[in-house]
Amino acid sequence: MTEVLTAVLSLAFLTQVVRITVPYLLAALGGAITERSGTVDLALEAKLLWGAFAAATCARAADSVAVGMVAAMAAGAAVGAIQALWTVRLRADQVVTGVALNLAAYGLTRYLLQLFYGQAANSPSCPGVGTDVWTSPIVLTTLVVTVVVIGLVAATPLGLRIRAAGERPDAVAAAGVSVARTRWLAAILGGAVAGLGGAQLSLAVGGFVAEMSSGRGYVALAAVIMGGWRPAVVATVCLGFGAAEALQARLQSTGLGVPTELMRPLPFVVALVLLAVARGRGRAPAALGR
């Protein structure tokens, strides 16, 4: 047990927590923006996956991490725009649209891997952000994005419009503001933030691996719900997920004799505990899904 405490109370453990948290956090912040406007965002998995793919392929083509980060945000924004086209413009079912985008991302990224590189499992290596988390441009950008998103939603005219579109779209329309345009903007902005989370997945390891999002988008959506659609609380929940996943890895590496089968569910147990603690503390936007 002393060995575990020593491992947890270390800079290496904190570094691992931050590395794991970043994609969850960016995806959840993007989802919070989209959902506060009234659109159910089940497409976070697709935004992460396309962001990871675009980051790896564009960073390799341009030999630049910065280009990869911008490409990831553009890819996430594009998924958000497609999502808005179907849900806002064409009035398609929001849940079905999100699931369809996720399934399409799984298949199309594999197809493009085969088309570009002749293999459907992973891309060739690309420029990465390295192993030093504290100097990683993605981590530093994440800190800035987190502060900006919290401030944008809570204390700006655009944030007020986004919140109002999710709560009282009739009042927004009566005030002469386009609800559809607000939701389009929220979906694109949220998609860009979530797409940057995908860049962390691929640029941290120097390449793209098929389906490397591994369900993180769904966990991020759970964080949005647990955080009551409030970006600051959502960020705290994501940090809890990151700590749980890092603790799981540490416990498995210490060789305490605990079966791996018992270690794997740890992050989900933490999610259930957080859900119980958060129950009743947050309310979904009144017009979410309508």
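Buried means under 20% relative accessible area, exposed over 50%, and partly exposed in between, with a 1.4 Å probe and protein chains only. The model is predicted, so local features need pLDDT of at least 70 and side-chain atom pairs count only at pLDDT 80 or more, whereas totals for chains, interfaces and linings use all residues. Residues are numbered from 1 along each chain as its sequence is written, and side-chain values use heavy atoms, with hydrogens and water left out.

**Figure 1. Overview of the protein chain.**
The secondary structure comes to 13 helices and zero strands; helices (H or I, at least four residues) and strands (E, at least two) are DSSP runs, numbered from the N terminus. Read from the N terminus on, the elements run α-α-α-α-α-α-α-α-α-α-α-α-α. Of the 290 residues in the protein chain, 49% are buried. A contact means heavy atoms within 4.5 Å. Among contacts between residues at least 6 apart in sequence, 78% join residues at least 24 apart. The chain exposes about 13,000 Å², and carbon and sulfur atoms supply 67% of this area. Accessible areas come from the Shrake-Rupley method with a 1.4 Å probe; for residues, only the protein chains shown count as cover.

Helix 7 spans residues 157-167, and Gly 159, Ile 162, Ala 165 and Gly 166 are buried in it. Seen down the helix axis, the buried residues of helix 7 fall within an arc of 125°, so they line one face of the helix. The arc is that of the directions from the helix axis to the C-beta atoms. Pro 157 and Leu 160, on the other side of helix 7, are exposed. Packing partners of the buried residues are helix 2 (11-36), helix 6 (137-155), helix 8 (169-174) and helix 9 (179-203).

**Figure 2. The salt bridge between Asp 41 and Lys 47.**
The structure holds three salt bridges, each defined as a side-chain nitrogen of Lys or Arg within 4 Å of a carboxyl oxygen of Asp or Glu. In the bridge between Asp 41 and Lys 47, the closest N and O atoms are 2.9 Å apart. Both Asp 41 and Lys 47 are buried.

**Figure 3. The salt bridge between Glu 211 and Arg 110.**
The side chains of Glu 211 and Arg 110 meet at 3.5 Å, N to O. This pair links distant parts of the chain, 101 residues apart: Glu 211 is in the loop between helix 9 and helix 10 (216-226), and Arg 110 is in helix 5 (residues 94-117). Glu 211 is partly exposed at a relative accessible area of 36%, and Arg 110 is partly exposed at 34%.

**Figure 4. The salt bridge between Asp 170 and Arg 168.**
The N to O distance between the side chains of Asp 170 and Arg 168 is 3.2 Å. Asp 170 has 49% relative accessibility and counts as partly exposed. Arg 168 is also partly exposed, with a relative accessible area of 49%.

**Figure 5. Aromatic rings.**
Rings of Phe, Tyr and Trp (its six-membered ring) pair if their centres lie within 6.5 Å; planes under 30 degrees apart count as stacked, over 60 as edge-to-face and the rest as tilted. By this rule the count comes to five aromatic pairs. In one of them, the rings of Phe 116 and Tyr 117 have centres 6.1 Å apart and planes at 85°, so the pair is edge-to-face. Phe 116 is partly exposed at 46% relative accessibility, and Tyr 117 is partly exposed with a relative accessible area of 24%. Ring pairs link Trp 50, Phe 53, Phe 116, Tyr 117 and Phe 208 into a cluster.

Most residues other than glycine have a negative phi, and most peptide bonds are trans. Asp 63 is not a glycine, yet has a positive phi of about 55°. Asp 63 is found in the loop between helix 3 (44-62) and helix 4 (65-89), and counts as exposed at 62% relative accessibility. Glu 211 also has a positive phi, near 60°, and is a residue other than glycine.

Cys 58 is partly exposed at 29% relative accessibility, whereas Cys 238 is buried at 0%.
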